[in-house]
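Trainee: I have a new model open and I'd like to learn how to read it. Please take me through it one step at a time.

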Amino acid sequence: MSDAQDIPEDEALAAEYVLRLLDAEAATAFERRLAQEPALRARVLDWEARLAGLADDLPATAPPARVKTALMADIAPPARSARGGRLWRWLVPSALAAIVAVFLVVSPVLRGPAFDPAFHATLASADGALLIEAGYDPDNALFKVLRPEGDPRPGRVLELWVIAEGADAPVSLGVLPDARDTFLDIPPEIGALIDGGTLAVSDEPEGGSPTGAPTGDILATDEFFDI
């Protein structure tokens with residue numbers, strides 16, 4: 001785990017929000033920002049995706065609220081110090097892991113019944129104008145794409161590509177539609193490339209690349225990680 005001091009403030013806030021660690025006032029203020037900041041919503045979705053897979057083997061019935069209270073008392077001092085210190089700033093990895101465990105015990109599973117992603121990637125352009133969250137559910141052969149920020153240039157489209165581990169040539173996953181939240185049909189033989197692969201997005205002419213390989217600028221890349 002990286003040094004907590006290196007974690008950006010909004011990243012810490014998103015994690016604490018998903019883990020239900022913000023007090024009522026802070027949560028309300030954060031939710032007001034969520035309504036106005038797509039990039040912040042993407043951070044929350046990313047944390048939900050990271051944590052959701054850890055709840056697969058937990059019982060569906062949540063224990064009494066006193067379980068959370070007792071566990072939190074055992075693993076951590078009050079969330080905010082007299083100087084207003086953030087919980088995230090002093091948590092050691094073991095304490096954070098315990099808090100995650102508490103969250104998973106007392107909260108519902110975050111992903112829906114029809115989509116259970118095993119792999120995830122985040123694409124963000126260097127200028128911050130484009131942000132794409134992607135997840136792949138191999139059991140149901142579903143590839144979900146959330147694009148909270150960014151649009152193609154006039155007369156152009158955004159096309160997704162996967163570069164399999166050890167491969168030189170990318171394979172197209174398809175052109176992104178206008179919808180911000182969509183599913184792409186991924187054949188099993190292409191889906192098999194995602195495990196250990198890299199996701200990329202390119203700027204292409206209408207209809208997508210005419211050559212079967214990226215012809216325009218590569219706007220962002222990210223390695224798929226297991227969730």
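Trainee: At roughly how many degrees do the axes of helix 1 and helix 2 cross?

Mentor: Ground rules first: this is a predicted model, where local features need pLDDT of at least 70 and side-chain atom pairs count only at pLDDT 80 or more, while totals for chains, interfaces and linings use all residues. Residues are numbered from 1 along each chain as its sequence is written, and side-chain values use heavy atoms, with hydrogens and water left out. Helices (H or I, at least four residues) and strands (E, at least two) are DSSP runs numbered from the N terminus, and axes are lines fitted to C-alpha atoms, for helices over the stretch in contact, with angles from 0 to 180 degrees between N-to-C directions. Helix 1 (residues 9-18) and helix 2 (residues 24-34) have axes that come within 11 Å and cross at roughly 115 degrees.

Trainee: What word describes how helix 1 and helix 2 lie to each other?

Mentor: Angles under 35 degrees count as roughly parallel, over 145 as roughly antiparallel, 65 to 115 as roughly perpendicular and the rest as oblique. The crossing of this pair is roughly 115 degrees. Helix 1 and helix 2 are therefore roughly perpendicular.

Trainee: Which residues of helix 2 do the residues in helix 1 meet?

Mentor: Contact means heavy atoms within 4.5 Å. On the helix 1 side you'll find Asp10, Leu13, Ala14 and Tyr17. In helix 2 they meet Ala27, Phe30, Glu31, Arg33 and Leu34.

Trainee: How many residues of the contact of helix 1 with helix 2 are charged?

Mentor: Ala, Val, Leu, Ile, Met, Phe, Trp, Tyr, Cys and Pro count as nonpolar, Asp, Glu, Lys and Arg as charged, and the others, Gly among them, as polar. On that scheme six are nonpolar and none is polar. The number that are charged is three.

Trainee: How many residues of helix 1 are buried?

Mentor: Buried means under 20% relative accessible area, exposed over 50% and partly exposed in between, using a 1.4 Å probe and protein chains only. Among the buried ones are Leu13 and Ala14, which also belong to the contact with helix 2. Helix 1 is mostly covered, and of its 10 residues the number buried is seven.

Trainee: Why is strand 2 largely enclosed by the rest of the structure?

Mentor: In a regular strand the side chains alternate between the two faces of the sheet. Here Leu131, Glu133, Gly135 and Asp137 point one way from strand 2, while Ile132, Ala134 and Tyr136 point the other way. Strand 2 is largely enclosed because its buried residues number seven of seven.

Trainee: Which residue stands opposite Leu131 in strand 3?

Mentor: Strand 2 (residues 131-137) and strand 3 (residues 142-149) pair in the antiparallel sense over six bridges. Further along, Tyr136 faces Phe143. Opposite Leu131 stands Glu149.

Trainee: What relative accessible area does Glu149 have?

Mentor: Glu149 has several contacts beyond four places in sequence, including Pro38, Gly128 and Arg180. Glu149 is partly exposed, because its relative accessible area is 28%.

Trainee: Which residue in the turn between strand 1 and strand 2 has a positive phi?

Mentor: Strand 1 (residues 119-124) is joined to strand 2 by six bridges, and the two run antiparallel. They form a hairpin with six residues between the strands. The residue with a phi of about 80 degrees is Gly128.

Trainee: In the open sheet of four strands, what is the average twist from one strand to the next?

Mentor: The order there is 5-4-7-8, with antiparallel pairing. Strand 5 (171-175) and strand 8 (218-223) are at the edges, each pairing on one side only. From one strand to the next, the twist averages 25 degrees.

Note on methods. Two strands pair if DSSP finds at least two bridges between them.
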